[in-house]
Structure formats: C-alpha cells, structure tokens
Amino acid sequence: MDYSRINRIIKLLIALQSGQHYTVDDIAKMFSIARRTVFRDLKLLQTIGMPYFYDHKNQCYKIEPDFFFSCPNLSRQEAITLLLLVKMAKSVTLPFKSSLLPAALKIESNLPEETRRHCIAALRNITIETLPQVKTPRLDTLFAQLIKAIAKRQAVEFRYYMPREQRCKKIQLDPYHLMSSENNWYVIGKLSVDNAIGTFRFNHIKALKPICRFFFKDDKFDVDEYLGRAWSVEPEGKLYNIKLRFAPEIAPEVSTTQWHSTQTVTHQADGSTVIEFRVDGLNEIKWWMSLLHK
C-alpha cells in the first residue's frame with residue numbers, strides 16, 4: 001500500500017472517531033477523491049477489522065471513540081522507532097501478521113499531527129529488504145495453541161515430520177518455551193517418553209492437539225542454559241572447536257557479523273580472516289557453512 005493512501009486512511013480514521021457527522025460526500029470532498037474511492041477505503045477498514053458503522057439517524061459513518069487506546073506522549077524518535085519495528089516485522093515470519101496494519105494505524109492515528117507527518121515522510125524514504133519467507137501452514141493456530149498450552153501447563157500431542165527419516169512420528173510434549181530463529185519458529189519442551197528436552201520446528205508439526213494431562217514445569221529448566229553453545233536452537237550434547245578461514249574477497253563481510261557468542265576473529269596479513277567458534281553440535285553450523293558456500 002502506498003503511503004499517500006495510508007496517510008488518507010489515518011485521516012479517515014481520525015474523522016470517523018471525532019464525533020463529527022461525515023457523509024460519504026463529505027469524505028469525498030475532504031480528500032478530493034471520488035465516492036467509489038471512499039467506499040474502497042471503507043472496505044479496507046472493514047478488512048483489517050476497524051469497527052466502523054453507519055449511523056442511519058445522522059446518515060454518516062462512525063467509529064466508537066473508545067476503540068482506540070490513548071497513545072502515550074511519544075517523541076518523534078520513539079514514534080518512528082515503534083513504527084519502523086512494525087514495518088520490519090512485515091519481513092519476518094510472525095504469528096498474527098494480519099494485525100500489523102491495524103496496530104500501526106492505531107498508533108499513527110493517535111500521534112500529534114506534526115509527529116505523524118514526520119513519521120509518514122520518513123518511512124516513505126526507508127526500504128527494508130524482505131527476508132526469505134518460511135512457509136508455516138497454520139502458524140497463527142499453532143502459535144495460539146502452544147501459548148495456551150504453556151500458560152495452562154497442558155501437554156500436547158502432534159505428528160512430527162522427521163526429514164532425515166522421511167517419516168512422521170507421534171510426539172507427546174510438555175511445552176515450555178517458544179523461540180524464533182532464522183525466520184523459523186520452534187517449540188522447546190520435555191518429551192513424555194524419556195523426559196528429554198527437545199526442539200521442534202513449527203513447519204514440521206502436523207495435527208497438534210492438547211491432551212488430558214497437565215504437568216509441572218521443571219524448575220531446573222533454563223532456556224539459555226539449554227541452548228548453551230548451540231549454533232542456533234538444537235544442541236547435540238557435544239562441544240566442538242571450529243576454525244574457519246575466509247578469503248580476502250569475503251573476509252570483511254563475514255567478520256563484521258556476530259555469528260555466535262563464542263566468536264573470535266583474527267585478521268591475517270594477506271587480507272584473509274580466521275574465525276573461531278566453540279559450538280555444541282555440528283549439524284547446524286554445517287548447514288550455515290553450506291549457505292555461505294552458495
């Protein structure tokens with residue numbers, strides 16, 4: 001959506017919740033647009049869940065004033081940072097992504113006019129590259145089910161696709177924690193079979209459902225301790241010292257990124273760079289190296 005339309009939609013929201021009586025013709029004149037454009041804008045508000053209604057008595061459209069929260073007194077920097085986060089979130093795999101636009105509109109419509117104009121002008125000149133999108137069927141549903149199960153301490157059951165074995169396995173899990181890494185979502189929890197802690201990727205989970213068993217979370221479980229020195233989210237229980245040498249052509253780009261908490265960088269006289277890590281498990285770092293090789 002272009003920012004001129006976003007700006008118009010924000011002003012339309014402000015008008016509809018102002019308590020004034022604006023007919024379709026009034027709105028068309030206000031923004032110098034055709035009546036059919038007004039109806040398209042109203043249709044967009046309906047699509048994103050804005051609860052406007054038609055007041056038959058006064059023959060105008062309205063939004064209940066208390067629908068929008070009272071926005072705190074944000075500085076320009078605070079407002080643009082918040083809206084920039086919303087814009088950045090569009091490029092990641094995120095549950096309830098359809099809520100981003102109404103959330104941004106609620107924030108912007110409650111900002112002071114000068115701050116709002118500044119934010120819209122600034123964001124128009126900022127581009128954020130979209131990350132590769134991970135296809136996760138039923139992401140919103142899975143996220144909601146697992147958040148609920150974690151809160152209620154209720155075990156879940158699902159079929160889990162095992163890529164290496166190319167088959168599905170039935171899993172019963174006490175879910176402890178949700179995590180996003182490399183644009184993938186994971187659930188970490190205790191397996192009912194052997195009480196081992198495991199990590200499971202959302203897009204490999206099939207037919208998840210809660211079961212009639214509740215659990216007490218292990219007080220000794222700490223997600224940071226569990227992940228330890230894993231390259232990403234799947235520790236394997238064995239530490240390895242990894243030493244990689246990068247050619248001068250790619251050394252500056254690779255060495256300026258913090259890939260792992262244990263990373264050390266040594267620049268060589270010939271322009272190459274040696275990067276060392278101490279990681280738990282090899283599978284994840286081998287996958288990362290294969291991506292760099294491409």
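These legends describe close-up views of a predicted model.

Local features here need pLDDT of at least 70, and side-chain atom pairs count only at pLDDT 80 or more, while totals for chains, interfaces and linings use all residues. Residues are numbered from 1 along each chain as its sequence is written, and side-chain values use heavy atoms, with hydrogens and water left out.

**View 1. The largest nonpolar core holds 21 residues.**
A nonpolar core is a set of buried Ala, Val, Leu, Ile, Met, Phe, Trp, Tyr and Cys residues joined through side-chain atoms within 4.5 Å. Buried means under 20% relative accessible area, exposed means over 50%, and partly exposed lies in between (1.4 Å probe, protein chains only). Leu12, Leu13, Leu16, Val38, Leu42, Leu45 and Leu105 have the most contacts inside this core. Helix α1 gives the largest share, six residues. In soluble globular proteins, nonpolar side chains tend to be buried together.

**View 2. Leu16 and its neighbours.**
Contact means heavy atoms within 4.5 Å. Leu16 touches Ile27, Leu42, Leu45, Tyr52, Tyr61, Lys62 and Ile63. Residues up to four places away in sequence are not counted for Leu16. Another core lies apart from the largest one. This other core has 20 residues, among them Tyr160, Leu178, Trp185 and Phe202.

Helix α4 covers residues 76–89, and helix α6 covers residues 113–124. Their axes come within 10 Å and cross at roughly 45°. Axes are lines fitted to C-alpha atoms, for helices over the stretch in contact, and angles run from 0 to 180 degrees between N-to-C directions. Angles under 35 degrees count as roughly parallel, over 145 as roughly antiparallel, 65 to 115 as roughly perpendicular, and the rest as oblique. A crossing is right-handed if the near helix is turned clockwise from the far one by less than a right angle, and left-handed if anticlockwise. On the α4 side, Arg76, Ala79, Ile80, Leu83, Leu84 and Lys87 take part. They meet Glu114, Thr115, His118, Cys119, Ala122 and Leu123 in α6. Thr115 is buried, at 9% relative accessible area. Thr115 touches Arg76 and Ala79, leaving aside residues up to four places away in sequence.

**View 3. Helices α4 and α5 come within 10 Å.**
The axes of α4 and α5 cross at roughly 165°. That makes α4 roughly antiparallel to α5. This crossing is left-handed. Leu82, Leu83, Val86 and Ala89 in α4 meet Leu100, Ala104, Ile107 and Glu108 in α5. Helix α5 (residues 100–109) is mostly covered, with seven of its 10 residues buried. Those buried are Leu100, Pro102, Ala104, Leu105, Ile107, Glu108 and Ser109. Lys87 sits in α4. Lys87 counts as buried, at 17% relative accessibility. The C-alpha atoms of Lys87 and Ala104 are separated by 8.7 Å. Along the chain, Lys87 and Ala104 are 17 residues apart.

**View 4. An open sheet has three strands.**
The strand order is β8-β10-β9, and the pairing is antiparallel. Two strands pair if DSSP finds at least two bridges between them. β8 (239–246) and β9 (264–267) stand at the edges, each with a single partner strand, so one side of each has no neighbour in the sheet. From one strand to the next, the twist averages 20°. Eight bridges join β8 to β10 (residues 273–280). In one of the pairings, Phe246 has Thr273 of β10 as its bridge partner.

**View 5. Arg138 and Gln166 have positive phi values.**
Most residues other than glycine have a negative phi. Arg138 is not a glycine, yet its phi is about 60°. Arg138 is found in the loop between α6 and α7 (139–152). At 40% relative accessibility, Arg138 counts as partly exposed. Gln166 has a phi near 55°. Gln166 is in the loop between β3 (154–162) and β4 (167–181). Gln166 is exposed, with a relative accessible area of 63%.

Technical notes
Helices (H or I, at least four residues) and strands (E, at least two) are DSSP runs, numbered from the N terminus.
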